[in-house]
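Here is a short briefing to read alongside the sequence and the 3D view. Please keep both open and look up each residue as it comes up.

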Amino acid sequence: MEPFDVLGRLSVPETCMKEFPPAQKGHEITLHVKDDSGTVWTFRCRIPAIGFSKPVVYGDWFQFVRRNI
């Protein structure tokens, strides 16, 4: 994991997105993830419309990583 993944946002290879609900470029999906302790986290995944083409995950991602590293 790179420092930017914790301090900014996590970029995800586009090939990983095939397992998630479909989203078009310029759109965002919300993912509710439950960890081993039962805490539900809300991650947002945005697929930029232009420029940086990799999907990025943010939202509770930062707190999730800090709590689980």
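Ile29 stands opposite Cys45, a residue of strand E3. The two strands involved, E2 and E3, run antiparallel and are joined by 8 bridges. Two strands count as paired if DSSP finds at least two bridges between them. Helices (H or I, at least four residues) and strands (E, at least two) are DSSP runs, numbered from the N terminus.

This is a predicted model, in which local features need pLDDT of at least 70 and side-chain atom pairs count only at pLDDT 80 or more, while totals for chains, interfaces and linings use all residues. Residues are numbered from 1 along each chain as its sequence is written, and side-chain values use heavy atoms, with hydrogens and water left out.

**The sheet**

- The sheet is open and has 4 strands in the order E1-E4-E3-E2, with antiparallel pairing.
- Its edge strands are E1 (10-11) and E2 (27-34), each of which pairs on one side only.
- In the hairpin of E2 and E3, 5 residues lie between the strands, and Gly38 takes a positive phi near 95 degrees.
- Strand E3 (residues 40-47) also pairs with strand E4 (residues 56-59), in the antiparallel sense and over 4 bridges.
- Along this pairing, Cys45 stands opposite Val57, Arg44 has Tyr58 as its bridge partner, and Arg46 has Val56.
- Strands E1 and E4 run antiparallel and are joined by 2 bridges.
- Val56 turns up here too: Ser11 stands opposite this residue of E4.

**Two faces of strand E3**

- Which residues of E3 make up its covered face, and which its uncovered one? Trp41, Phe43, Cys45 and Ile47 form the covered face, whereas Val40, Thr42, Arg44 and Arg46 form the uncovered one.
- Phe43 is buried, with a relative accessible area of 9%. Buried means under 20% relative accessible area, exposed means over 50%, and partly exposed lies in between (1.4 Å probe, protein chains only).

**Aromatic rings**

- How many aromatic pairs does a search of the whole structure find? The search finds 4.
- Rings of Phe, Tyr and Trp (its six-membered ring) pair if their centres lie within 6.5 Å; planes under 30 degrees apart count as stacked, over 60 as edge-to-face and the rest as tilted.
- One of the pairs is Phe43 with Phe64, which is edge-to-face at 5.5 Å centre to centre, with 70 degrees between the planes.
- This pair links distant parts of the chain, 21 residues apart: Phe43 is in strand E3 and Phe64 in helix H2 (residues 61-68).
- Trp41, Phe43, Trp61 and Phe64 are linked into a cluster by ring pairs.

**The whole protein**

- The protein has 2 helices and 4 strands, and from the N terminus on its elements run α-β-β-β-β-α.
- Of its 69 residues, 29% are buried.
- Among contacts (heavy atoms within 4.5 Å) with a separation of 6 or more, 39% are between residues 24 or more positions apart.
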